[in-house]
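Have the structure open while you read.

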Amino acid sequence: MDMLQEFTRRLEEDQVISSIKDPKSLDQFLNTNIQSAFLLTGNISVIKRYVDLLKKNNRFVFLHIEKIPGISYDREGLKFIAKYVKPTGIITTKSSLIQLAKKEGLLTIQRLFLVDTDAVKNGLQTVNDIKPDALEVMPALIPEMISKLKRETNLPIITGGLIQNQLQIEAALGSGAVAVSTGRPWLWKTRKEEKLRV
């Protein structure tokens, strides 16, 4: 099974991705059963240590490189990430970085903010042109748009942003998202764990 297939399998199994925004959350994440994380903390001097720790614990880790100070958003920055830091992949709002990351063998997640109709139209066009491995749409509280994007792309849809509770996670999943990303540790439970708890 290749890396993308394995990542997709884990997403479908867990249906939640942890967005790690500070070192304390990193420790909390390691105490969960969630298999994938978006890393939005650290800097060039510590990021490899964070990625190594997560990978040692058999987790998939995606760097949101615009959130990691000290890494340039260009070909050399992507080469550094791919050859030295070695995450599973990246998450970014910049389509040019998706193309560079793919050339370096990293999995790619395009983050798309649904601010208006033009953003949706342009985002869909870009996604269909550059073909990231997955699409993260924000905010997650727009189920109709999740359904629309699901119909118009053949990508796994991850959604996040403004999630406050379990009902909002269920609504996003019910609209066609394969997983929900959240920075709220109290929501870091796999769907299997949540169903057992109820």
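In this predicted model, helices α2 and α3 run roughly parallel to each other, because their axes cross at roughly 10° and angles under 35 degrees get that label. Those two axes come within 11 Å. On the α2 side, the contact is made by Pro 23, Leu 26, Phe 29 and Leu 30, while α3 brings in Tyr 50, Leu 53 and Leu 54. Sort the residues of this contact by type and you get seven nonpolar, no polar and no charged.

In soluble globular proteins, nonpolar side chains tend to be buried together. The largest nonpolar core here has 28 residues, and the members touching the most other members are Phe 29, Leu 39, Ile 47, Leu 63, Leu 78 and Ile 90. Two or more residues come from each of β1 (16-20), α2 (23-30), β2 (36-39), α3 (47-56), β3 (60-64), α4 (75-85) and α5 (95-103).

Now for the glutamates. Is Glu 136 buried or exposed? Glu 136 counts as buried, because its relative accessibility is 0% and the cut-off is under 20%. Glu 136 is part of strand β6 (residues 134-138). What does its side chain pair up with? Two polar contacts, side chain to side chain, are listed here:

| Residue | Partner | Distance |
|---|---|---|
| Glu 136 | Arg 111 | 2.7 Å |
| Glu 136 | Ser 181 | 2.5 Å |

Beyond its neighbours within four places in sequence, Glu 136 is in contact with Phe 38, Ile 91, Ile 109, Gln 110, Arg 111, Leu 112, Ile 158, Thr 159, Gly 160 and Ser 181.

Glu 170 sits in helix α8 (residues 166-174). Glu 170 counts as partly exposed, because its relative accessibility is 39% and that class runs between 20% and 50%. How far apart in space are Glu 170 and Val 180? They are 10 residues apart in sequence, with 9.1 Å from C-alpha to C-alpha.

Technical notes
Residues numbered from 1 in each chain as written. Predicted model: local features only at pLDDT ≥ 70, side-chain atom pairs only at ≥ 80, totals over all residues. Heavy atoms only, no water. Helix = DSSP H or I, 4+ residues; strand = E, 2+ residues; numbered from the N terminus. Buried < 20%, exposed > 50% of the residue type's maximum accessible area, 1.4 Å probe, protein only. Polar contact = N/O pair within 3.5 Å; in protein donor to acceptor, adjacent residues only side chain to side chain. Contact = heavy atoms within 4.5 Å. Core = buried A, V, L, I, M, F, W, Y, C linked by side-chain atoms within 4.5 Å. Axes fitted to C-alpha atoms, helices over the stretch in contact; angles between N-to-C directions. Parallel < 35°, antiparallel > 145°, perpendicular 65-115°, else oblique. Nonpolar A, V, L, I, M, F, W, Y, C, P; charged D, E, K, R; others polar.
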